[in-house]
Amino acid sequence: MDIKKIGIIGAGQMGNGIAHVMALAGYDVVLNDISQQSLDAAVSAIHKNLARQASRGKIAEADVTEALANITTTLSLADIGATDLVIEAATERETVKQAIFEDLQPHLLPHTILTSNTSSISITRLASRTDRPERFMGFHFMNPVPVMQLVELIRGIATDEETFASCQAVVERLGKTSASAEDFPAFIVNRILMPMINEAVYTLYEGVGSVKSIDESMKLGANHPMGPLELADFIGLDTCLAIMNVLHEGLADTKYRPCPLLTKYVEAGWLGRKTQRGFYDYRGETPVPTR
């Protein structure tokens, strides 16, 4: 199917990043959220990030203007339904995602493909709550979307080949690389990454090392660009915990048990960069470890 118009539900960090790359690739983008304030903030962030790319010579100034012109915003799911491809990028909670797809269903065109940017939740289960499981799949971008090259494409049990091929073609037009993943909890990247982050939190919890020593050890000893605790703050500790819970419940293996310290940070509302405190405190000029 020739996809021309893309609807994105959720204007947060992932949603505005997806809108950014889609608009830059020439797609007509309709961006939806539950508040106009969130939509205005998303467009402002997209403009800022496009301008940064232009200042570094990665895109032309004309590309900034054209990309922004390709984006419209809406508070109505009915407007999202009138697109060729929908990418849901709401919070990583299955009940929220299910409710969105149920509310969206009456507004969909017959040919519209539904996808979720979920990083861990069952695609098959989400698809089963819609009227088109054969035209439903996982479309998982990495964060930050404009920078990261990989997109995981996840088939549900009913996803047909035409749907997969259409989404794969979108990834190619974006200039990104797709990896096909089976519909198992957390797919490929987070199945490997999140247990490592969780183990880093256990290492902190058990007093093996401090925040600084754990992150420096992995950066200098394993050549990682970011330490695992720094990365957890960047992702969001609530998202890390949600994915670990999906792994623990979905695979029924104690090795995926979330670290109690990770749970405690989330309960405190210390979710990382987005709340200014996580394993680091970001309220000053430079981040300071909180433990």
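**Note on the salt bridges of the predicted model**

1. At a relative accessibility of 4%, Arg132 is classed as buried, where buried denotes a relative accessible area under 20%, exposed over 50%, and partly exposed the range in between (1.4 Å probe, protein chains only). Its salt-bridge partner is Asp131, with the closest N and O atoms 2.9 Å apart; a salt bridge here is a side-chain nitrogen of Lys or Arg within 4 Å of a carboxyl oxygen of Asp or Glu. Asp131 has a relative accessibility of 42% and counts as partly exposed.

2. The structure is a predicted model, in which local features need pLDDT of at least 70 and side-chain atom pairs count only at pLDDT 80 or more, while totals for chains, interfaces and linings use all residues. Residues are numbered from 1 along each chain as its sequence is written, and side-chain values use heavy atoms, with hydrogens and water left out.

3. Arg155 is partly exposed, its relative accessible area being 27%.

4. Asp281 and Arg283 also form a salt bridge through their side chains, at 2.6 Å from N to O. Asp281 is buried, with a relative accessible area of 16%, whereas Arg283 counts as exposed at 53% relative accessibility.
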